[in-house]
Amino acid sequence: MSRRELILDAAGGLFQRYGFRKTTVDEIAHAAGIGKGSVYLEFAGKEDVFLALVEEHERGILEGIRRVASASGPVEDRLTEVALIRPRRNLEEMEHFPEVFEILASLRGQVVDRVKPYQDDCLGVVVGLVQEGVRDGVFRVRDAREAAHLFY
C-alpha cells in the first residue's frame, strides 16, 4: 500500500469514528504509521485529505456506472440502475460519516473543482445509454445529451 493510500485509509477511519473536526493531521499520521511531515508531503492539509476521499467516492461511483452501463440487458433497466448508484453510495457514506454533507457544504467550491471531472464522465456514460436507447427505438429524444443531463 502506498503512503497516500495509508493516509487515506487512516483518515477515512478516523473521520468516521471521531468526525472531521475532531481529527487532526497528527492523528492521521499516527494511525497511518508515518510522521506528520509525510502527510504534508502527500496533502496540503486535512481538508485536502478529505477532498481526496471525496474523489475516491466519486471514482467508485463512476466505476459502478461504467460497469452497469456496459452490462447486458435492456437499456432502460441499465439506465434505472445507473440512476440508483449515486444515491445508494451517498446513503452508505451518511451511515458511516453523518457529517459528510455538512463538510462538503463548507468546502463547496473546492469539492466542485475536484469532482466535476468524475461527474462529467458519469454524464457521458448516461449520454451513451440514452443514445443506445434512441438507436434501439426505446427512447425518442431530440438531444441525447440534454435528456441525459435532465435524467442524471
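Is Arg66 buried, exposed or partly exposed? Arg66 is partly exposed, at 43% relative accessibility (buried is under 20% relative accessible area, exposed over 50%, partly exposed in between, with a 1.4 Å probe and protein chains only).

This is a predicted model: local features need pLDDT of at least 70, side-chain atom pairs count only at pLDDT 80 or more, and totals for chains, interfaces and linings use all residues. Residues are numbered from 1 along each chain as its sequence is written, and side-chain values use heavy atoms, without hydrogens and water.

View 1. Helix α5 covers residues 75-96 (helices are DSSP runs of H or I, at least four residues, numbered from the N terminus). Its 22 residues reach 33 Å from first C-alpha to last, close to the 32 Å expected (1.5 Å times one less than the number of residues). A kink of about 30° lies at Ile85, shortly before Pro87 (the angle between axes fitted to the seven residues ending there and the seven starting there).

View 2. Glu58 sits in helix α4 and Arg86 in helix α5, 28 residues apart. Both residues are buried.

**View 3. Asp121 meets Arg66.** The closest N and O atoms of this salt bridge are 3.9 Å apart. Asp121 lies in helix α7 and Arg66 in helix α4, so the pair ties together parts 55 residues apart in sequence. Asp121 is partly exposed, at 36% relative accessibility.

Conventions. Helix = DSSP H or I, 4+ residues; strand = E, 2+ residues; numbered from the N terminus. Salt bridge = Lys/Arg side-chain N within 4 Å of Asp/Glu carboxyl O.
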